[in-house]
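Hello,

Here is the structure I promised to pass on. Please have a look at it first, and then read my notes below.

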Amino acid sequence: MRTLQVGKNEAGQRLDKLLGKYLDQAPKSFLYKMLRKKNIKLNGKRAQGNELLSLGDTLELYLSEDTISNFQTAACKKGSFVPPVPSVPLDIVYEDAHVLLLNKPAGMLSQKAKPGDISLVEHLISYLIHSGQLTEEALLTFRPGICNRLDRNTSGLIAAGKSLCALQDLNVLFQERSLHKYYRCIVAGALKKPCRAEGWLRKDERTNQVQIYSQKQGDSLPICTEYMPLGQFQAGGRTFTSLEVNLITGRSHQIRAHLASLGHPLIGDSKYGNREINTYFQKQYGLSHQLLHAYRLELPMLSQCLEGISERVFTAPLPELFGQIQGESSGPSPCPQK
């Protein structure tokens, strides 16, 4: 027999949902059969599976260890989360009991693309385990996670939920776009006025590339991108502009593809950028990725487990390459406001 205690990250969900996480390879028919036969009990009594769990509830699984092991994938077994070795130190912008705001470096995956990948999620779990905030046993029924994703070669702010309530509430914030995300980037060309650009975006899942249109095409989706010029500088005989970008919609590759379609590709962007420009910055500065950084996050009024970040503004410092390329000694010349 194995006994499970319902903690804060399991409370509030249905019993059958929790069992489905714990025995993730077991057919639902098996789980309900075990409930009917009283091989799985809730607080010592027969259960149907639709009960909402409360903090402190006890589950009793009258199953052999072999049966439990056979119905768990490697990802659900104790000690199998595979912490990165050595663990990468996280650049933590903010942390409380429920929330972590992290500054992801360019080159790191936000989430796994294939089973063998080590992503920010694995580094997050490793940090929580080694700092004593999470146990391997707790991972059997709840896994902390991130609530927004950035491309591998985009740096900046990512929000993570350390508790179930924070993870759920943060996901709603990002899905409903009730917070504001601002990015910094450097693009080719001279931009002097703020702009609200609209268009249509279609993604080719096969090539993982998007196309921007001025009018709706087939299954394309509407996009809206606002940008504010922050300054200009010269490099390699060309003019470049530093921008702050506000994503009104949040489509895949939107900033990179939309600005490129307007004639202002991000420097370092191998997918939508200018090869000649990228080669110049690669040779001069060793730049191997697009200069795009999730810089600022503005939160609305929040409560309960998100109270600690209510009505706050967080920023992630720009990577050093931004300053080096713009010229740290003099900085970019400010754009005239018109």
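A salt bridge here means a side-chain nitrogen of Lys or Arg within 4 Å of a carboxyl oxygen of Asp or Glu. Helices (H or I, at least four residues) and strands (E, at least two) are DSSP runs, numbered from the N terminus.

Before going on, a word on the source: this is a predicted model, where local features need pLDDT of at least 70 and side-chain atom pairs count only at pLDDT 80 or more, while totals for chains, interfaces and linings use all residues. Residues are numbered from 1 along each chain as its sequence is written, and side-chain values use heavy atoms, with hydrogens and water left out.

Is each partner buried or exposed (buried is under 20% relative accessible area, exposed over 50%, partly exposed in between; 1.4 Å probe, protein chains only)? Lys162 counts as buried at 11% relative accessibility, and Glu95 as partly exposed at 29%.

The structure holds 14 salt bridges. Among them, Glu65 and Arg2 meet at 2.3 Å, N to O. That pair links distant parts of the chain, with Glu65 in helix α3 (residues 65-70) and Arg2 in strand β1 (residues 2-5), 63 residues apart. Arg184, Glu244, Arg296 and Glu298 are linked in a network of salt bridges.

Best wishes
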